[in-house]
Amino acid sequence: MEETLEHRVARVAAHHALTPLADGSHDNFRLISEGRTAVTAHHAAQWQLAEDFMAGIVTNMPDTHACADTTHRPTRAEAMALHSIRAAMAQLGTAVNPDRTILVVSTTKGNIDGLQPDKPAPDAVRLGHLADTLCHELGITLPPITVSNACTSGVCALIAAQRAIECGTCDKAIVCGVEAQSRFIVSGFQSLHALSPELCQPFSANRQGLNVGEAAATIILEAAHPSHLTDSDWLVAAGAIRNDANHISGPSRTGEGSFRALQAVLQGTDTGLLAFVSVHGTATPYNDEMESIAIERAGLLDVPVVSLKGYFGHTMGAAGVLETIISIEAANAGIIPATHGYDGQPGVSRPVGVAAVNRRTDRHSFIKLISGFGGVNAAIRMSRGRQDALGTQMLLARAADTCRRDDDTCRNAANKSHTAADTSHTAAETCRHGTPASATPTIHITPCGVWLNGTPLPMPSHGTDLITACYRTAAIGYPKFYKMDPLCRLGFVASELLLQTLGEERFAARDDRAIVLLSRSGCLATDRRYASTICPGDDYFPSPSLFVYTLPNIVAGEIAIRNKYHGETAMYLSEAITPEQRRHELRRIARLSLTDAATTSLLTGWVDYEDAQHFEAHLTIVGAATMDSI
Amino acid sequence: MNKAQHDLMEELTQQLKQQVIEALNLEEVAPTDIDNDAPLFGEGLGLDSIDALELIVLMEKEYGIKLKTPAEGKAIFKSISTMAQYINDHRTK
C-alpha cells in the first residue's frame, strides 16, 4: 500500500447475506422492503422443547458449500458462513492476498449443537476452532480474530476489522457473522421467558419478546485512501463499544452503555446527516425501552429509528453484520425500512421515530446500534461517499498515533522474543518455576497456585478449591461471586487480586479502562452444565441462570459491574496454545482496543477454564506505553 | 390449621429454604438466616430477575407447579411464607 497509516480508511469492498428469505444482500433487502419476513412458527417437537416457538430458520441452504478439504464435513454454521464468505469474495474480482487478509468471525454459540452432555466436547464447539476451520477452507494464513461479545458481536467484529485496517495490521478484513439456531439456544431463551409467541413487535405497546433467527452475513472491508473513495463507497466512519456496568442480563435503566456508545460515534458529525439509526430493537420490554432512553440522551429523537428484527428475528452473532448490510442496501435505495411488527402503538417512554411503513430518505449515513448480555453495547457509524471520510481523518489522527507506537512496541517485543531462548512457559512449567517477574502488575492463577507480580501468594488450598480460596483470602465480600460460573469466578478473582494491589481509587464510574480478554475454552464448562439441564424427557428443566453464563463475554461484564467500568469490554477466542502464541494474539487485539480515543488503559489477558483441573488466568494492566509487557 | 397441618407447613418451609439456597447458589446463607416473612427480593438476599426465573424452574421441578408468566411470580415469591403457602395449595408432586 502506498498510503501512510494516517490515510487509511476502512471501505466496504463487498457484502453478502444468507438468510431464510434469500441468498444475497440485494434480494434480502428487496423482500423485506415488500414486507416479507423470515420468521415462521415451529413446533416444540422439532427440537424436543417444551413449547412451540417462532424463528427464522434457513431452509434454502445453497448446495455450493462443499469443503475444499473433502475429509471435513461442514457443520450447519460452517456451511452457512463459507457460502456467504465465498459469495462476498467472488464480488471482489481478484483473489485476496492471504498474507494481508484477516478473517474476523462473529458468533455467539457457533457449533453448539454438536455438544452432547454425556460425551467429550468436540473441538468444533470451541469458537476459535470454528474460525480456524473457515480460514483453512478459505486458504487464509493469518490467524483469525474471533469475537464473542454476546449479541453485539457482529458490530464489535466490524469495529475490530475497521481498526485492524486503519492500523495497518491488514489490508483486507473479511467479517463474517454467523449463527445457527439450535435447541440449546431456543430452550435457553424460553427459560428466560424472552421469546414472543407471535411475530415480534419492536417498540410496540403489546410487544411480548423476541424471535430468534439464523443467518450468515459477510462484509469485506479494505484499506482505502479517502481521496480514492467514490460517492458510492461505504466506509466504517466510527465505532465504539461501551458497558452498562449494571447487570449481566438486564439492560441499564438509563441506557448507559448504548448512550455512551452513541455519543462516541456521533463525535465530529452532524446528526442531520443520519438517514436513520438501525437499533437493536429486539422487542423485549426492557431492551426497546432502554434504547429509547439512550436515543433521547444522545439527542437523536429527530432521527428515524428502524428495527429489522421483525424481518429476520434476532440473528445474534450475525445480527450486527446482517443489519449493517440491510441498512446499506436501504440507504442506497433511499429507503428507511419500516419496522416490521410495529403495531403503531408506541410502547416506550420516549418519542422515538419508529414507523410501520417504509419512508424515503436522501441521506447517506446511518448508525447501527446493538446491545447484549454482559452489559455490552456497541455502535458504528457507516457513511457513504467522501464527505465523511475527510472528517474521519481528524479522528483517525490519534488512533494512527497509537497504532504507530504499538507497531514499535510490537516490533520490540517480537525482537525480544526472538533473542530470548525458547521462553515458552506452559502452565505445567509455571507450576514448577512460577511466573517471571514483570514491570507491569500481573496476576497469574493456575490450579497449582497464584502469583502476583511473579511472587507466589500463599493460599490454603490448590486445584479445584483454589478459586474460592482466592475469593475468601482476598476478603472481597461480594456474594454475587457464588452465582458466577467458573470462568467468571476465575476472571473475577484474578481481576480483584490485581486491582487490590494498585492502590488506585476503586468503584468510581469511569470509561477510560477497557477490559479485553482472550480465551480458548470460552464458556464450554458451563455449556456442558446447561446442556445437562435440557436432556429430553422428565429431566428437561432448562436453567436460566446457567444459560446466561453460556456467553464467554459475561466474565468481562462481571468485572465491569464490580468496578463500574463503562469503557470497552471485549472477549476474543483463540486456539493459541503456547504462551508465545497467546501473547502475540493478546498484543494484536489489545492494540486494537487502544485505538479508541476514550481508552487509556487496559485490563487484559488470558482467562481460560476448561475444567476443575485445567484453568488459567493471566491478567495485567497496560497502557499504550507498556504494551510490550503483555 | 391443626397441629399436623402446622407441622407439615413447617417441614415444607424448611425444605423450601434449603432448595432456594441450593438453586440460587446462596453459598454463605444458612436456612436460619432467612426469615420466613422477610422480602426475598430487593435488599436482604440481593436476589435479581434471573433468580426469579430460577425460582420458576424450582416450582416446576420440585412441586410440579407451572407459572404461565414471570409476572405471576411477583406475589408468590414475596417471601418464603408466601411461596410455601402457594406450593401447599397448588402442588402436583
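Modeller: Across the interface of chain B and chain A, one salt bridge is found; the model is a predicted one. The salt bridge joins Lys483(A) to Asp51(B), and the closest N and O atoms are 2.9 Å apart. Polar contact across the interface of chain B and chain A amounts to six residue pairs, with both residues at pLDDT 80 or more. Helix α2 of chain B, residues 49-63, provides nine residues to the side of chain B that touches chain A, the largest share of that side.

In terms of contact, 20 residues of chain B meet 18 residues of chain A. Between them the two chains bury about 1,400 Å², with 59% of this area on carbon and sulfur atoms. Glu28(B), Ile50(B) and Leu53(B) supply 33% of the area that chain B buries against chain A, more than any other three residues.

The aromatic rings come next. Over all chains, the structure holds 14 aromatic pairs. One of them is formed by Phe189(A) and Phe547(A), with an edge-to-face arrangement, 5.5 Å from centre to centre and 70 degrees between the planes. This pair links distant parts of the chain: Phe189(A) belongs to helix α5 of chain A (residues 183-191), Phe547(A) to helix α15 of chain A (residues 544-548), and the two are 358 residues apart. Phe189(A) has a relative accessible area of 7% and is therefore buried, given that the cut-off is under 20%. Phe547(A) also counts as buried, at 6% relative accessibility.

Another pair, Phe481(A) with Phe492(A), is tilted, with 6.3 Å between the centres and 40 degrees between the planes. Here Phe481(A) sits in the loop between α12 (466-473) and α13 (486-500) of chain A, while Phe492(A) lies in helix α13 of chain A, 11 residues apart. Both Phe481(A) and Phe492(A) are buried. These two residues are also part of a cluster in which ring pairs link Tyr471(A), Tyr478(A), Phe481(A), Tyr482(A) and Phe492(A).

Tyr478(A), a member of that cluster, additionally has Arg562(A) over the face of its ring, at 4.9 Å from the ring centre.

Conventions
Residues numbered from 1 in each chain as written. Chains lettered and ligands numbered in written order. Predicted model: local features only at pLDDT ≥ 70, side-chain atom pairs only at ≥ 80, totals over all residues. Heavy atoms only, no water. Phe/Tyr/Trp six-rings, centres within 6.5 Å; stacked < 30°, edge-to-face > 60°. Helix = DSSP H or I, 4+ residues; strand = E, 2+ residues; numbered from the N terminus. Buried < 20%, exposed > 50% of the residue type's maximum accessible area, 1.4 Å probe, protein only. Lys NZ or Arg CZ within 6 Å of the ring centre and 35° of its normal. Contact = heavy atoms within 4.5 Å. Buried area = accessible area lost by both parts, 1.4 Å probe. Salt bridge = Lys/Arg side-chain N within 4 Å of Asp/Glu carboxyl O. Polar contact = N/O pair within 3.5 Å; in protein donor to acceptor, adjacent residues only side chain to side chain.
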